[in-house]
2 protein chains.
Amino acid sequence: MPVNRQVTLADQPVGIPKESDFRVVESPIPNAKAGEVLIRTLYLSVDPYLRARSSGRLPSAQNLTPGEVLAGGAVGQVIESHDPRMAPNDIVEGMLDWQEYATAHAKTLRKIDPQVAPIPTALYALGMPGLTAYFGLLDVCRPQPGETVLVSAAAGAVGSLVGQIAKIKRCRAVGITGSDQKVRYLTQELGFDAAFNYHESADFQASLKQVCPNGVDVYFDNVGGGVTDEVIRSLNTRARVVLCGQTSQYNAERPEMGPRWLDQLIIKQARMEGFLVNQFSARFDDGLRQLAIWLQQDKIRYHEDIVEGIENAPRAYVGLLAGENIGKRLVKVAA
Amino acid sequence: MPVNRQVTLADQPVGIPKESDFRVVESPIPNAKAGEVLIRTLYLSVDPYLRARSSGRLPSAQNLTPGEVLAGGAVGQVIESHDPRMAPNDIVEGMLDWQEYATAHAKTLRKIDPQVAPIPTALYALGMPGLTAYFGLLDVCRPQPGETVLVSAAAGAVGSLVGQIAKIKRCRAVGITGSDQKVRYLTQELGFDAAFNYHESADFQASLKQVCPNGVDVYFDNVGGGVTDEVIRSLNTRARVVLCGQTSQYNAERPEMGPRWLDQLIIKQARMEGFLVNQFSARFDDGLRQLAIWLQQDKIRYHEDIVEGIENAPRAYVGLLAGENIGKRLVKVAA
């Protein structure tokens, strides 16, 4: 009889998470109740924000504790439905967590049409990362044609889409990234105007000036820390900064210290806004419709970085935090 | 024959400015050309932002260098006019700098009606501090009835107006200030709902919780530094922070270090915006009209802290940075 393999948090990670902070356990396959469906997971999303959720610093409802199954988005196939809205074989996306089988209320699931785009895109360009790039850039920052849009962690799932949407909006799209291979990916495959590898830059300001000769009008921040400190110095008057992630800080055991620069925001009359994609949930359908059009028009390209097997999910996650992925990291759980 | 006494910058201040960083010099009274007027200064405005302008860190056009007359707003009386818009004895406000006599283009001056309110209000509630409080609070932060508005340097020129405008907009107005006397001034004379003296607080978070039991929806920041670090932790979801000044940092010779907290802005989906009042210059007349109505309705009260004699302007300024003033500090130059 098949079992349900799940990935749980073994220990609250201290510093950089290790594979041993996670455990693969076996549980019985759950039973779907009225209104619910039973789903076999196909792909899991591996996201940097999980680090924050296992930091012990978030409000308790959002905090993962040892023994809990890792939270996360996934796509799967309906096996059994107790709700008229879903039927066996439907492909659905939802917060199914890191496990081979999940039950969920039908109303919490989004039905995916595999004719529109390949199934994994529901976790990427046509899913949470796509919506994050779309609303974070367009609604929070309102970029204007000709402005320079700079994004950190540019080769990641969200960053790679931010730059491409900036191009669609006739902005100059510039990426900060962590390897020369990623620089080539951004500029040669995704159409970014420029990108630079901050690990190889001896003078961050000089590198930034080279890729952003007219300064920075919009900064989409995925990383925080020293990278963001440097970018702040190059903001233009009335610049907008959206804070989407702070990956450089997720492993810190206590708040890292950094130079104060709020005076720079005054001098530049700049705005900075923290953003969670769910604040735009009422408009997700509009966003997904637009993203699907751009995908079909080949205005958005994407690269999936797929790791096979749920047993490798901890390794996939640890590697993500080390920056080894290009594009969206997924775990393929079943064919 | 009368001379024009002026206050110049003797040296670029290092750390906390001293009276000896300034010099009182004598110059000839300037001649007004066509389109200009000659003005005898009545009151000078003493403003914290001058510290930033003598820090050597601003763009050179805004930076005061040794030998220059201190920049600043003033009100004065027209002595001689070479422009049809102004006549002798008119009272005007403008950037006249720290001197007994100034010439200025008539078009850069605002004519003051002494029937509406006492003349010095043109440098306070009906001048730049009033407009700063008005647009910074209402336009940048858009406070809603019932929300908590917290302001730092609350007993200063801008802070004292911010709290009173918050009350007019049916918000809870709370001040952070630096003495028990100022706490009483805010709560007993100006109608703030609460205030606390952060110098006397052993536990800033506990004090903040006591005065802001429902958290902070709007934070009007005049000081930055450790005070702002603490406030960030108490922001509510979708809070708005306007950065108006960073007085705690103006004396620093290099950027001070502080704990990183941008992750808090993400968790709270909070917005932070740097603000210079001139970005609203097209609407100054509307703001001044509204402020005058509130003043006449006794909805806004103010306290002038007047130092006599231009020779005492350096002392007035050094004392301002030490927080010795309650309300707006002015120097009375002539009767």
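This is a predicted model: local features need pLDDT of at least 70, side-chain atom pairs count only at pLDDT 80 or more; totals for chains, interfaces and linings use all residues.
Local features here need pLDDT of at least 70, side-chain atom pairs count only at pLDDT 80 or more, and totals for chains, interfaces and linings use all residues. Residues are numbered from 1 along each chain as its sequence is written, while chains are lettered from A and ligands numbered from 1 in the order in which they are written.

**View 1. The sheet of twelve strands.** Let us begin with an open sheet that has mixed pairing and the order β10(A)-β9(A)-β8(A)-β11(A)-β12(A)-β14(A)-β14(B)-β12(B)-β11(B)-β8(B)-β9(B)-β10(B). Strands (E, at least two residues) and helices (H or I, at least four) are DSSP runs, numbered from the N terminus, and two strands pair if DSSP finds at least two bridges between them. At the edges you will find β10 (194–197) of chain A and β10 (194–197) of chain B, each pairing on one side only. From one strand to the next, the twist averages 15°. Strand β9 of chain B (residues 172–177) runs parallel to β10(B), joined by four bridges, and T177(B) has N197(B) opposite it in β10(B).

**View 2. Where chain A meets chain B.** Each side brings its share to this contact: 28 residues from chain A and 28 residues from chain B. Residues are in contact if their C-beta atoms, placed from the backbone, lie within 7 Å. On the side of chain A that touches chain B, β13 (257–259), α7 and β14 each supply at least two residues, and α7(A) gives the most, with six residues. That side of chain A divides into 14 nonpolar, eight polar and six charged residues. Here Ala, Val, Leu, Ile, Met, Phe, Trp, Tyr, Cys and Pro count as nonpolar, Asp, Glu, Lys and Arg as charged, and the others, Gly among them, as polar. Look also for β13(A) and β13(B), which pair in the antiparallel sense over three bridges; P259(A) has M257(B) as its bridge partner there.

**View 3. Two helices crossing in chain A.** Helix α5 (residues 204–211) and helix α6 (residues 225–233) of chain A have axes that come within 10 Å and cross at roughly 60°. Axes are lines fitted to C-alpha atoms, for helices over the stretch in contact, with angles running from 0 to 180 degrees between N-to-C directions. α5(A) is therefore oblique to α6(A): angles under 35 degrees count as roughly parallel, over 145 as roughly antiparallel, 65 to 115 as roughly perpendicular and the rest as oblique. F204(A), Q205(A) and L208(A) of α5(A) meet E230(A), V231(A) and R233(A) of α6(A).

**View 4. Antiparallel neighbours in chain A.** Strands β3 (residues 36–45) and β4 (residues 74–81) of chain A pair in the antiparallel sense over seven bridges, with I39(A) opposite V78(A). β4(A) also pairs in the antiparallel sense with β5 (residues 91–94) of chain A, over four bridges, and G76(A) stands opposite V92(A) there.

**View 5. Two loop residues with positive phi.** In chain A, Q269(A) lies in the loop between α7 (262–268) and β14 (271–274), and its phi is near 50°, a positive value in a residue other than glycine. Q269(A) counts as partly exposed because it has 19 C-beta neighbours inside 10 Å. The cut-offs are 20 or more other C-beta atoms within 10 Å for buried, 12 or fewer for exposed, and partly exposed in between, with C-beta atoms placed from the backbone. In chain B, R142(B) is in the loop between α2 (128–141) and β8 (148–152), with phi near 45°. R142(B) has 11 C-beta neighbours inside 10 Å, so it counts as exposed.

Notes: Two residues are in contact if their C-beta atoms, placed from the backbone, lie within 7 Å.
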